[in-house]
Amino acid sequence: MAITHSIPVVDLAAFTSGDATSKAAFVQALGKAYEEVGFVAVKNHGIPDELIADLYKYVQLFFTLPSDVKRTYELPELAGQRGYTSFGKEHAKGFDAPDLKEFFQFGQTVEDNDPVSSEYPDNLVVKEIPPFTPTFFNAYKAFEKSGTSLLQAIALYLGLDEHFFDPQVHNGNSILRAIHYPPITKEPASAIRAEQHEDINLITLLVGASADGLQILDKQNNWVPVTSLPEQIVVNVGDMLQRLTNNRLKSTTHRVVNPPREMWNTSRYSIPFFLHPRSVMPLDCLESCISDTNPKEYAPITAGEYLDERLREIGLKK
């Protein structure tokens, strides 16, 4: 399939509730899309439409709060991993200019006495908008469930046991991030709202975005706009999965560009779910992905060590 102006679409229901034939076809379609493009649109993803609508509603309410109120949720000791990060704090790896955004992050809630809970800071409860925190909790769990199913399909594509990733992502260090790109009020220094980058994690699930602007770099080095239909989520490979598969599944470079001038007065909202494993997961290249033609590219490292290294590179950790 030649990918020029759209990304492949797959139906998660074919995997989660289909027969063996449709499940196998889904695995092949997903794996092929990740090898060729790195991004895929997923329909029947299991995250309820009304939950997504509520999530966007409360996110927009939060970002309209006064700056001094939002900053009460910005705690430096959390390095942006929970709560609010104000405008211009984060930059892409390899770039000094800050991205033109502010964001709020919500993390794992451990409910089964798993000792890993000691590694995670508590989520910050937004008192000004009572439904905000429970909505984030419910959305987090829904994304986690869909993401786990997608990783099961990826495991099968790689010739692993279907549940290879399950124990690694159970109570994993995933992040639900709500991003606000404010209106552009003066001639911008760059045409880019978020500079080109790759995600750190295993896979990223992106539900909608209130305006266009997301672009991916295809294999021919062309920037291609990513658009998905309202009932779809966009899911891409992150650096941890690229590392684990020794570049067989490639982390896709993407960016967010400024809107046309007539749309400068509009905000853009985006809510990605960064699916991370537990910090102890080894990211050593899988033996099945190493060969004479594809020699081992990466030294052993754990997911926690890798995340820490990358957070320093993008300016969230000192």
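Colleague: Why is Asp-308 called partly exposed?

Modeller: The relative accessible area of Asp-308 is 24%. Buried means under 20%, exposed means over 50%, and partly exposed lies in between (1.4 Å probe, protein chains only). So 24% makes Asp-308 partly exposed. Arg-312, at 42%, gets that label too.

Colleague: Before we go on, what sort of model is this?

Modeller: It is a predicted model, in which local features need pLDDT of at least 70 and side-chain atom pairs count only at pLDDT 80 or more, while totals for chains, interfaces and linings use all residues. Residues are numbered from 1 along each chain as its sequence is written, and side-chain values use heavy atoms, with hydrogens and water left out.

Colleague: How do you know that Arg-312 forms a salt bridge with Asp-308?

Modeller: Their closest N and O atoms are 3.2 Å apart. A salt bridge needs a side-chain nitrogen of Lys or Arg within 4 Å of a carboxyl oxygen of Asp or Glu, so the pair qualifies. Both residues lie in helix H8, 4 residues apart, about one turn of the helix.

Colleague: How do you decide what is a helix or a strand?

Modeller: Both are DSSP runs, numbered from the N terminus: helices are H or I with at least four residues, strands are E with at least two. The chain has 8 helices and 12 strands.

Colleague: How many salt bridges does the whole structure hold?

Modeller: The search finds 9. One of them joins Asp-54 and Lys-57, with N and O atoms 3.9 Å apart. Those two are 3 residues apart in helix H3 (residues 49-63), about one helical turn. Asp-54 is partly exposed at 29%, and Lys-57 is partly exposed at 43%.

Colleague: What makes Arg-278 and Asp-114 a salt bridge?

Modeller: Their N to O distance is 2.8 Å, which is within the cut-off. Arg-278 sits in the loop between strand S12 (268-275) and helix H8 (303-313), and Asp-114 in the loop between strand S4 (102-106) and H5, so the pair ties together parts 164 residues apart in sequence. Arg-278 counts as buried at 17%. Asp-114 counts as buried at 10%.

Colleague: Why is the pair of Phe-15 and Phe-26 called tilted?

Modeller: The ring centres are 5.6 Å apart and the planes are at 40°. Rings of Phe, Tyr and Trp (its six-membered ring) pair if their centres lie within 6.5 Å; planes under 30 degrees apart are stacked, over 60 edge-to-face, and the rest tilted. So 40° gives tilted. Phe-15 is in helix H1 (residues 13-16) and Phe-26 in helix H2 (residues 20-36), 11 residues apart. Phe-15 is buried at 4%, and Phe-26 is buried at 4%.

Colleague: Why is the pair of Tyr-140 and Phe-273 edge-to-face?

Modeller: Its planes are at 85°, over the cut-off for that label, and the centres are 5.1 Å apart. Tyr-140 lies in helix H5 and Phe-273 in strand S12, 133 residues apart. Tyr-140 is buried at 1%, and Phe-273 is buried at 0%. Both belong to one aromatic cluster, whose members include Phe-62, Phe-104 and Phe-136.

Colleague: What makes a set of residues a nonpolar core?

Modeller: Its members are buried Ala, Val, Leu, Ile, Met, Phe, Trp, Tyr and Cys residues joined through side-chain atoms within 4.5 Å. The largest core has 72 residues, and Phe-62 and Ile-154 touch the most other members. Helix H5 (residues 132-157) gives the largest share, 12 residues. Apart from this core lies another, of 15 residues, among them Ile-7 and Val-224.

Colleague: What does Ile-154 contact beyond its neighbours within four places in sequence?

Modeller: Its contacts (heavy atoms within 4.5 Å) include Leu-30, Phe-165 and Leu-249.

Colleague: What share of the chain is buried?

Modeller: Buried residues make up 53% of the 318.
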